[in-house]
Amino acid sequence: MNKPIYHITPEKGWMNDPNGLVEYNGVYHVFYQADPEHLINENIGWGHKISSDLLHWEECQPALLPDQSYDRDGCFTGSAVIKDDKMYLLYTGHVNQESGYIETQNLAVSKDGIHFEKYDGNPVIKNPPADTTMRFRDPKIWEKNGNYYAVIGGETEDKCGKVVYYRSRDLQEYTYCGVFADSDGSIGNMWECPNFVQIGNTDVLIISPKGLEKENGFSASFESGYMTGKMNYEEGMFSHASYKKLDHGFDFYAPQVMECGDRKILFAWFAIPDSPGKEMEDGWRHLLTIPRELKVASDNSLLMTPIEELKKLRTKVLEKTVPGASWNCNIENQPLELLLTGRYEELCFEIADKNESLLELTLKKDNIVLKQKREDGWQIRTCSYYDDIMRKLQIYMDYSTIEVFINDGRYVFSSRIYPVGSLDFRINAAADNEDGSLKIYSLSL
Ligand code: FRU
């Protein structure tokens, strides 16, 4: 199988959540949960890649390895912050017990962004607060008015997902501030990987709930979503709108946001814990999504658009046409971008390989349905469609991935796909669209 070229992949072994996303002295740092020696998450540390353009990534030595009494069974997810020109990582140390486990929050520091030293005084947060089970992980830290705040994912004794938060002046001593956001149990039993980010005047909490139940309308037991709102730091209150799903595809979890000034760039794990990852046969497993820039729409929905830099990968126009009511073409499977613009009320976009149909994306008056051939047969994902007209369909593919962006990131679907041989693309629209334009670019680094 060809390895994706413009996504962050592990050189070998296992990869999960993006961690510690940060821009430091003009260099972008992406850390991630990594077990290079296994194809499962057996011995998790932090892998590390850096880039100066968000496109080309250079592998660095592992940043954290599970080698201390407080993190011996895993240096789990965490985040980075820059203070006095040093980079600090706040992460969860995971230690298995005979029954259950212990999770504490720990600090590591670096003067050059490459070599990290764990803090002598670890753990900096030793115990979960009251009414929080042992599931207490994934600190996301940020600075506001000279204070540092960290949100941490957790579960109540009643098995409801929640996020708690802490404050610190120096990154070493932490004061518990209370519950940041919680639920009545209808959004999973544990909220993993909380992220908090201010976009313009809106504050956004992103979470990855697990333990979701179909009866409550969820399509899988894991997904990622967000709540927009406003944090009042004086009163310690995050008031927010209700939970919305972030990406409607099959393989998207544990996103984290990199703050680059006003630009907020999201990477996610391009899998959920149930995703198989056929590349295992080639000695690696899972990858990260393309970077996406986050914006808040006027109705407070979060928009995710592929970062502008990706346009630099366009190499050759493979197809350029006015697609009409029905169109099809056959293209060798390769890294590519498909861009359809125009005004479409209804549309069906289909991909087949040399053997069979693999994927159908159908846009109707009030919903968008992604139907995909998965290991266990045809599966669907649906999302409500609120726009009248589809103006833009942008699709990125990288051999075994597909990321679909509709109307500039209002509706996004990310899935793994494993075509055999060349790709057959088909479009069926309700009517001719003379203003329509379709381009397919091959992409290279
Ligand atoms: C999410 C997660 C985190 C945890 C990490 C362990 O995928 O379960 O909650 O810190 O993975 O690798």
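These notebook entries record what I looked up in a predicted model.

**Entry 1. Sheet with E18**

I began with an open sheet of four strands, whose order is E18-E19-E21-E22 and whose pairing is antiparallel. Strand E18 (253-260) and strand E22 (302-306) stand at the edges; each has a single partner strand, so one side of each is left without a neighbour in the sheet. From one strand to the next, I noted an average twist of 35°.

E18 pairs with strand E19 (residues 263-269) in the antiparallel sense, over six bridges. Which residue in E19 is the bridge partner of Val257? I found that the partner is Leu266.

**Entry 2. Nonpolar cores**

I next asked which residues of the largest nonpolar core touch the most other members. The core holds 38 residues, and the answer is Val30, Ile206, Met258, Leu266 and Phe267. Leu266, listed here, is also the residue that bridges to Val257. At least two residues of this core come from each of strand E1 (13-24), strand E2 (27-35), strand E13 (190-199), strand E14 (202-210), E18, E19, E22 and strand E34 (437-443).

Leaving aside residues up to four places away in sequence, Met258 touches Leu21, Val22, Glu23, Tyr28, His29, Val30, Leu54, Arg263, Lys264, Ile265 and Phe267. I also recorded a second, separate core of 35 residues, which includes Ile331, Met390, Ile395 and Phe413. In soluble globular proteins, nonpolar side chains tend to be buried together.

**Entry 3. Sheet with E9**

I looked up another open sheet of four strands, with the order E9-E10-E11-E12 and antiparallel pairing. Its edge strands are strand E9 (136-144) and strand E12 (175-182), each of which pairs on one side only. The twist in this sheet averages 25° from one strand to the next.

How many bridges join strand E10 to strand E11? I found eight between E10 (residues 147-155) and E11 (residues 161-168), which run antiparallel. Glu155 stands opposite Gly161 in E11.

**Entry 4. Ala352**

I placed Ala352 in strand E26 (residues 347-352). Is Ala352 buried or exposed? Its relative accessibility is 4%, and Ala352 therefore counts as buried, the cut-off for buried being under 20%.

For contacts of Ala352, not counting residues up to four places away in sequence, I listed Ser357, Leu358, Ser422, Leu423, Asp424 and Arg426. I also checked Asn330, which is 22 residues from Ala352 along the chain; the C-alpha atoms of the two are separated by 9.3 Å.

**Entry 5. Pocket and cavities**

The largest pocket contains about 550 Å³ of space. Of the 22 residues lining this pocket, Lys244, Lys245, His248, Cys383 and Ser384 are the closest to its centre. Strand E17 (244-245) and strand E29 (377-384) are the elements that give two or more residues to the lining. Which element supplies the largest share of the lining? I found that E29 does, with four residues.

I counted three cavities of 30 Å³ or more. The largest cavity has about 100 Å³ of space. It is lined by 13 residues, and those nearest its centre are Phe222, Glu223, Lys245, Gly249 and Phe252.

Methods. Residues numbered from 1 in each chain as written. Predicted model: local features only at pLDDT ≥ 70, side-chain atom pairs only at ≥ 80, totals over all residues. Heavy atoms only, no water. Pairing = 2+ DSSP bridges. Axes fitted to C-alpha atoms, helices over the stretch in contact; angles between N-to-C directions. Core = buried A, V, L, I, M, F, W, Y, C linked by side-chain atoms within 4.5 Å. Buried < 20%, exposed > 50% of the residue type's maximum accessible area, 1.4 Å probe, protein only. Contact = heavy atoms within 4.5 Å. 1 Å grid on protein atoms, 1.4 Å probe; cavity = no way out; pocket = protein on both sides within 12 Å on 5 of 7 lines; lining within 4 Å. Points joined across faces, edges and corners; volume = space filled by probe spheres on them.
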